Amino acid sequence: MTPEVPAPADVDRGREATDELDDQGAERAFAQGWALVATDLDGTVIPRDRPVSARTLAAFAACDAAGIPVVPVTGRPPRWVTPLAEEAGLRGQVVCANGAVVYDLDAGRVVLEHPIAPDVLREVVARLRPVLPGIGFALEAVVGFRREPEYATRFDGGLEQRVASFDELLVDAPPVVKILAKCPGVLSDEMVAISHRELDGLVNVTHSNAADSLIEIMAAGVSKATTLAEVAGDRGVRAEQVVAFGDMPNDLEMLRWAGRSYAMADGHPDARAAADDVAPDCGDDGVAQVLERLLSWRGR
């Protein structure tokens, strides 16, 4: 008797069921040695134009009660993190500026900086200006930021230490931890691709908003992952004990480094490709859903 050949749809459903079981088994195994949560903020636990949800706050509190610290790992500078941390009840250290800064919420001070050398700042600008006409630069430091007139700001208007030409921005400048660059009419993904070609390892270039025209530049070798590894190591936590969440290209290194990682379903395609699994959308409390599940499996 000739064996019945499954229909393609049946094969696809079978594969999906097998993949789901494999993912569930991997989650259960990870939960047994899980020791730290590392999460991006905007687009991951903070939906656009909405506060952190009650469900997410409850999930963070439950992790803390279980002895699992939550470490925000964000592109935001410290001045943008403090009010949010108070709202979310977060304590301890925050990785800011895509790994260029670590800020201690309890002590109220910066405990680690990875600045960009002044000669590198000049070289970045010299290489990018000819290939991205109309580009404008801003310099982020722990104590504030400075910008060229061409760099239009939406969030920190009036808080600039200086608005001037690039050479003038460098006069008496504090250590710069991040270069921001905008080029109207060129999307962030294209700006990153051009920058990778032109800068060739001189710095680390990424972005956190695909719909914008904005890139973020840190010192070479500095990323969310490298600094998170330092923070986790100080706590005696290994990469395989960390669960990470993110949604954009500035999360890629972190998602690849962590023992278990999730990209948001509504995140950037590169983030989804880099992560072990996909969490529901940010607006659907995707991070909270995963944390609740991991907590339910601890010790089982």
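1. The lining of the largest cavity is made up of seven nonpolar residues, with no polar and no charged ones. Here Ala, Val, Leu, Ile, Met, Phe, Trp, Tyr, Cys and Pro count as nonpolar, Asp, Glu, Lys and Arg as charged, and the others, Gly among them, as polar. The lining residues are L41, V45, V52, F60, L84, A88 and L90. The volume of this cavity is about 30 Å³, and the structure holds one cavity of 30 Å³ or more. (On a 1 Å grid over the protein atoms alone, a cavity is a set of points where a 1.4 Å probe fits but cannot get out, and a pocket is an open set with protein on both sides within 12 Å along at least five of seven lines; lining residues have an atom within 4 Å of a point.)

2. This is a predicted model, in which local features need pLDDT of at least 70 and side-chain atom pairs count only at pLDDT 80 or more, while totals for chains, interfaces and linings use all residues. Residues are numbered from 1 along each chain as its sequence is written, and side-chain values use heavy atoms, with hydrogens and water left out.

3. The second largest pocket holds about 180 Å³ of space. Its lining includes F60, A61, D64, R91, D106 and R235. Six of the lining residues are nonpolar, two polar and four charged. Helix α2 supplies the largest share, three residues. (Helices are DSSP runs of H or I, at least four residues, numbered from the N terminus.)

4. T56 also belongs to α2, which covers residues 54-65. T56 counts as buried because its relative accessibility is 2% (buried means under 20% relative accessible area, with a 1.4 Å probe and protein chains only). The side chains of T56 and S53 make a polar contact of 3.1 Å (a pair of N or O atoms within 3.5 Å, one able to donate a hydrogen and the other to accept it; residues adjacent in sequence count only if both atoms are side-chain atoms). Beyond four places in sequence, T56 touches V45, D285 and A288 (contact means heavy atoms within 4.5 Å).

5. The largest nonpolar core has 67 residues, and W34, V37, V243 and L291 have the most contacts inside it. Helix α10 (residues 286-297) gives the most to this core, six residues. A second, separate core of 15 residues includes L36, A38, V95 and V242. (A nonpolar core is a set of buried Ala, Val, Leu, Ile, Met, Phe, Trp, Tyr and Cys residues joined through side-chain atoms within 4.5 Å.)

Technical notes: Helix = DSSP H or I, 4+ residues; strand = E, 2+ residues; numbered from the N terminus. Buried < 20%, exposed > 50% of the residue type's maximum accessible area, 1.4 Å probe, protein only. Points joined across faces, edges and corners; volume = space filled by probe spheres on them.
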